[in-house]
Amino acid sequence: MVKVIASSVRKGNVLELDGHLCTVISAESFFPGKGTPTTQIDMRRISDGTKMTQRYKTTEQVERAYVEDRDFTYLYQDGEQYVFMNPETYDQIPVDKDVVGDAAPYLQENMKVSLSVFEDKAVAIELPQRVTLEVVETEPVTKGQTASSSYKPAILSNGVRSAVPPHVGVGTRVVVMTADGSYVERAKD
């Protein structure tokens with residue numbers, strides 16, 4: 001275990017709290033004009049899936065568990081679990097739906113991901129920052145609105161809602177951020 005200051009904790013880190021390992025869901029620091037800066041950390045206990053929120057002074061020390069980050073390839077979903085394969089050893093590892101969480105819609109067959117592994121159990125997942133998807137539903141292209149900075153709603157091939165520029169139509173492949181589903185650019189393929 002390594003002690004780190006609370007403000008350096010990020011999503012996906014694994015902390016030890018009261019003898020239990022917890023995966024960080026989100027960490028946000030607050031710097032009020034007066035008073036002590038604080039960091040609020042939302043976590044999920046790995047053993048039973050209980051969600052909790054802790055608030056620390058930003059300079060307070062927290063215990064960060066040592067987990068090994070390894071590259072895996074996503075294979076398929078099997079009920080409540082997602083199956084990943086280690087490309088070096090071809091070992092398969094099932095990962096619970098709770099661990100995958102919000103990342104699930106962005107998983108694509110043969111996608112390379114980084115899994116945080118603690119005692120041969122995946123406790124957190126990190127996807128590539130960007131993924132290419134197809135627009136399956138959006139408003140029709142409006143003539144003369146190509147230079148406008150306004151965006152229109154669209155539904156992507158993974159079912160996620162996003163906002164795309166007016167010139168993007170149905171069937172267009174676009175690159176989006178996996179963190180929040182925001183539009184980056186048109187796919188170059």
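## Salt bridges

Start with Glu68 and Arg70: their side chains meet in a salt bridge, with N and O 3.3 Å apart. The term covers a side-chain nitrogen of Lys or Arg within 4 Å of a carboxyl oxygen of Asp or Glu. Side chains of opposite charge can pair when their charged atoms come close. This is a predicted model, in which local features need pLDDT of at least 70 and side-chain atom pairs count only at pLDDT 80 or more, while totals for chains, interfaces and linings use all residues. Residues are numbered from 1 along each chain as its sequence is written, and side-chain values use heavy atoms, with hydrogens and water left out.

How open are these two partners to the outside? Glu68 is partly exposed at 37% relative accessibility, and Arg70 is partly exposed too, with a relative accessible area of 25%. Here's how those words work: buried means under 20% relative accessible area, exposed means over 50%, and partly exposed is in between (1.4 Å probe, protein chains only). The areas themselves come from the Shrake-Rupley method with a 1.4 Å probe, and for residues only the protein chains shown count as cover.

How many salt bridges does a search of the whole structure find? The search turns up four. One of them joins Lys97 to Glu80, and here the closest N and O atoms are 3.3 Å apart. Lys97 sits in helix H1 and Glu80 in the loop between S7 and S8, so this pair ties together parts that are 17 residues apart in sequence. Lys97 is partly exposed at 39% relative accessibility, whereas Glu80 is exposed, with a relative accessible area of 52%.

Then there's Lys188, which forms a salt bridge with Glu185, the closest N and O atoms being 3.1 Å apart. Lys188 counts as exposed at 71% relative accessibility, but Glu185 is partly exposed at 28%.

## A negative patch

Now for some charges that gather together on the surface: Asp69, Asp71, Glu88 and Glu126 make up a patch of negative charge. Patches are built from residues with over 30% relative accessible area and no salt bridge; like charges are joined within 9 Å, and nonpolar side chains (Val, Leu, Ile, Met, Phe, Trp, Tyr) within 5 Å. The place of a charge is taken as NZ of Lys, CZ of Arg, CG of Asp or CD of Glu.

Asp71 belongs to strand S7, residues 68-78, and is exposed, with a relative accessible area of 55%.

## Aromatic pairs

Next up, the rings: the structure holds three aromatic pairs. Tyr74 and Phe84 form a tilted one, 5.4 Å centre to centre with 55° between the planes. Tyr74 lies in strand S7 and Phe84 in strand S8 (residues 81-85), so the pair ties together parts that are ten residues apart in sequence. Tyr74 counts as buried at 9% relative accessibility, and Phe84 is buried as well, with a relative accessible area of 0%. Another pair, Tyr151 with Tyr183, is edge-to-face: 6.2 Å centre to centre and 65° between the planes. This pair links distant parts of the chain, 32 residues apart, with Tyr151 in the loop between strand S12 (130-138) and strand S13 (152-156) and Tyr183 in strand S16 (residues 183-186). Tyr151 is partly exposed at 48% relative accessibility, while Tyr183 is buried at 16%.

What makes two rings a pair? Rings of Phe, Tyr and Trp (its six-membered ring) pair if their centres lie within 6.5 Å; planes under 30 degrees apart count as stacked, over 60 as edge-to-face, and the rest as tilted. Ring pairs also link Tyr74, Tyr82 and Phe84 into a cluster.

Tyr90 has a positive phi of about 65° although it's not a glycine. Tyr90 lies in the loop between S8 and strand S9 (92-96) and counts as exposed at 59% relative accessibility.

Asn110 isn't a glycine either, and has a positive phi of about 65°. Look for Asn110 in the loop between helix H1 (97-100) and strand S10 (112-118); this residue is exposed, with a relative accessible area of 52%.

## The whole chain

Stepping back, the chain has one helix and 16 strands. Helices (H or I, at least four residues) and strands (E, at least two) are DSSP runs, numbered from the N terminus. The C-alpha trace spans about 60 × 55 × 25 Å along its principal axes, and 39% of the chain's 189 residues count as buried.

Technical notes. Lys, Arg positive; Asp, Glu negative; His and termini not counted.
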